[in-house]
Amino acid sequence: MQLVALIVCIIGMVGTLSATIMPHWRITAHIGANVVTAIVYMKGLWWACAMFSTGVFQCETYNSVLELPADLQTARAMMVISVGLSLLAITISVVGMKCTVCAKDSPIKDKVAGTGGVFFIIAGLAGLVPVAWTMNGVILNFNNPLIPGDLKFEIGESLYLGVVAAMLSIIGGVMLSLSFVGRRTEPYSRRPMSYQNPAANRSAPAPSAASVQSKAAKSEFNSYNL
């Protein structure tokens, strides 16, 4: 279960990283007066791109970070934090997994894996919030009649990928967090074991009736001689 959960979380982290890099957050199709000059505009967290019908693909990074909207700056930060937390969670989870030799005899090994699962959950939530916020803003702008059609965008593939990746990170994190629930750990002790001789624990054989009678007769004879 822990190995499956870790694989799911790694897939979620790769998806989050891909969604962060790709420019397909907002997409719009603009058809000019000539059909040959059809252009598809795309905007992401780091650059804006344009793909022409001739096959030419051009991208341009944003000139100034301070000129970016606050929501775009926040989305950048949260997606980077999500990827960073996922990397940290992978390291912690590998240490706490049962199939690894790290801290093999420690009773807190399962708890370490659960802690990694908690970090995966936080990373998934950190990646889900900016994606969902951006999707909501795209939908509101698209349905706003005051915005011209040329300035309206649609939901890009990166947003769908970000949602799926965040859900995978959260599901895998929950699986890791629950991997140690209900599992009893044996107390860990380094005290040396004491050796006891089995012969010392054997009980002495009970005296026979003849020996008891001989002892009684001998005591009576001694008392008679006195």
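## Second largest pocket

The lining here splits into eight nonpolar, two polar and three charged residues (Ala, Val, Leu, Ile, Met, Phe, Trp, Tyr, Cys and Pro count as nonpolar, Asp, Glu, Lys and Arg as charged, the others, Gly among them, as polar). The second largest pocket holds about 160 Å³ of space. Of its 13 lining residues, Tyr-41, Met-42, Lys-43, Ala-48 and Cys-49 sit closest to the centre. Strands β2 (39–43), β3 (47–52) and β4 (57–61) each give two or more residues to that lining.

A pocket is an open set of points on a 1 Å grid over the protein atoms alone where a 1.4 Å probe fits, with protein on both sides within 12 Å along at least five of seven lines; lining residues have an atom within 4 Å of a point.

## Model notes

This is a predicted model, with local features needing pLDDT of at least 70 and side-chain atom pairs pLDDT 80 or more, while totals for chains, interfaces and linings use all residues. Numbering runs from 1 along each chain as its sequence is written, and side-chain values use heavy atoms, leaving out hydrogens and water.

## Largest pocket

The largest pocket comes in at about 300 Å³. Arg-26, Lys-43, Pro-69, Asn-141 and Phe-153 lie nearest its centre, out of 13 lining residues.

## Helices α1 and α4

Helix α1 (residues 2–21) packs on helix α4 (residues 157–177) at about 155 degrees, axes 7 Å apart. That makes the two roughly antiparallel (angles over 145 degrees).

Note on methods
Axes are lines fitted to C-alpha atoms, for helices over the stretch in contact, and angles run from 0 to 180 degrees between N-to-C directions. Helices (H or I, at least four residues) and strands (E, at least two) are DSSP runs, numbered from the N terminus. Angles under 35 degrees count as roughly parallel, over 145 as roughly antiparallel, 65 to 115 as roughly perpendicular and the rest as oblique. Grid points are joined across faces, edges and corners, and a volume is the space filled by probe spheres set on the points.
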